[in-house]
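Please examine the sequence and the structure before reading on.

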Amino acid sequence: MKFTPQFWHRVCHCYRTSRGFHVPPVEKSRLNDRLSDKLKRSAELIKRAMNLYKPNEIILCFNGGKDCTVLLDILDKFKPPSMPLRAVYVRTADPFEELEKFVDVSVQRYALQLRRYEGILKLAFEQLLVEDPHVKATFLGCRVSDPGGSSLFEMMPSDNGWPAMMRIFPLLEWSYHDIWTYIRSNDIPYCCLYDQGYTSLGDRSTSHLNPSLLVYNEKLGKKTYRPAYELKDVRSERANRDGNGQATMGESKP
C-alpha cells in the first residue's frame with residue numbers, strides 16, 4: 001500500500017514534534033530560485049537513463065542517507081507511473097537502528113522493491129549481478145563535494161575493479177544546502193539522526209555528532225547540537241566521520 005503525501009507529512013510532523021524538534025519553515029520560493037534549474041537537469045538525466053535502459057536493467061543504490069533520500073523522491077516523481085522503483089541496500093557492519101528503521105519507512109512510502117545485502121559494498125554488487133544479471137546501471141546520490149566527486153561525470157561506467165555497470169549521478173551538481181532545501185521544502189521524511197547533530201551517516205562506530213553544530217542552548221542551560229540543515233560551513237559536512245569509511249561506487253580515480 002502506498003500512502004498519500006499528506007499522510008507522510010502528518011507522520012513526519014508528529015514525529016518531529018514528539019521529539020521536541022523545531023523545524024523552521026522554508027519558503028517555497030527558495031526552491032524555485034535556487035534549485036529549479038538543477039532539478040530540471042536532474043530530471044532530464046533520469047529520463048534519458050530510463051530511455052536507455054529497461055525498468056529491470058536499472059536500480060538505485062540506497063542507504064537511507066540524505067542524498068539518496070532526495071534522489072529516491074525525485075525518481076518517484078519523474079519515473080513512468082507503471083515503472084516500479086527498485087533499489088539495493090547494503091547494511092553496514094554496525095548500523096544505526098534509527099537508519100535501519102528509516103530504510104523500512106522509505107520502502108513503505110515509495111513502494112520500493114528493495115534488495116538487502118550485508119557486508120562490503122563491492123561484494124554486495126557482485127552478488128547482485130549474479131542474482132540479477134539484467135542490471136546494467138545504477139543511480140547514485142553522489143555530489144561533487146563527496147570524496148572522489150570532482151572526477152565524476154553525469155554518466156560513466158564503473159572502474160577500479162568494480163562490477164561492470166553504468167553509474168548515473170543526477171545530483172552531482174547539487175550542494176549540501178540544496179539537498180536540505182529540497183527535503184524541507186517538500187516535507188520529505190528523513191532519518192531522525194540528522195536532527196540530533198549528525199551531518200553524515202556511516203557505521204555507529206565511525207559516525208559521531210558534528211562538533212560544528214554544538215551550541216549553548218540558553219533555554220535549556222546546556223550545550224546541545226543543532227540539526228544538520230543548520231550547518232553553515234559545508235566543508236565540515238564529514239567532520240563527524242572517522243577515516244574514509246567503506247569504498248563507494250561513486251569514487252573514481254582519474
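The largest cavity holds about 60 Å³ of space. The model is predicted, and two cavities of 30 Å³ or more are counted in it.

**The largest cavity**
- The lining consists of Met50, Ile58, Ile59, Leu60, Leu75, Met83, Pro84, Leu85, Arg86 and Phe139.
- Strand 1, which covers residues 58-61, gives the most to this lining, with three residues.
- Nine of the lining residues are nonpolar, one is charged and none is polar.

**The second largest cavity**
- About 40 Å³ of space is found in the second largest cavity.
- Thr69, Phe102, Val105, Ser106, Arg109, Tyr110, Ile188 and Pro189 form its lining.
- Helix 4 (residues 97-109) supplies the largest share of this lining, namely four residues.
- By class, the lining of the second largest cavity comprises five nonpolar, two polar and one charged residues.

**The residue Glu237**
- Glu237 lies in the segment that follows strand 8 (222-225).
- Glu237 counts as buried because its relative accessibility is 2%, and buried means under 20%.
- The side chains of Glu237 and Lys66 are joined by a polar contact of 2.9 Å.
- Leaving aside residues up to four places away in sequence, Glu237 touches Lys66, Arg143, Ser145, Tyr176, Thr199, Ser200, Asn210 and Leu231.

How values were computed:
Residues numbered from 1 in each chain as written. Predicted model: local features only at pLDDT ≥ 70, side-chain atom pairs only at ≥ 80, totals over all residues. Heavy atoms only, no water. 1 Å grid on protein atoms, 1.4 Å probe; cavity = no way out; pocket = protein on both sides within 12 Å on 5 of 7 lines; lining within 4 Å. Points joined across faces, edges and corners; volume = space filled by probe spheres on them. Helix = DSSP H or I, 4+ residues; strand = E, 2+ residues; numbered from the N terminus. Nonpolar A, V, L, I, M, F, W, Y, C, P; charged D, E, K, R; others polar. Buried < 20%, exposed > 50% of the residue type's maximum accessible area, 1.4 Å probe, protein only. Polar contact = N/O pair within 3.5 Å; in protein donor to acceptor, adjacent residues only side chain to side chain. Contact = heavy atoms within 4.5 Å.
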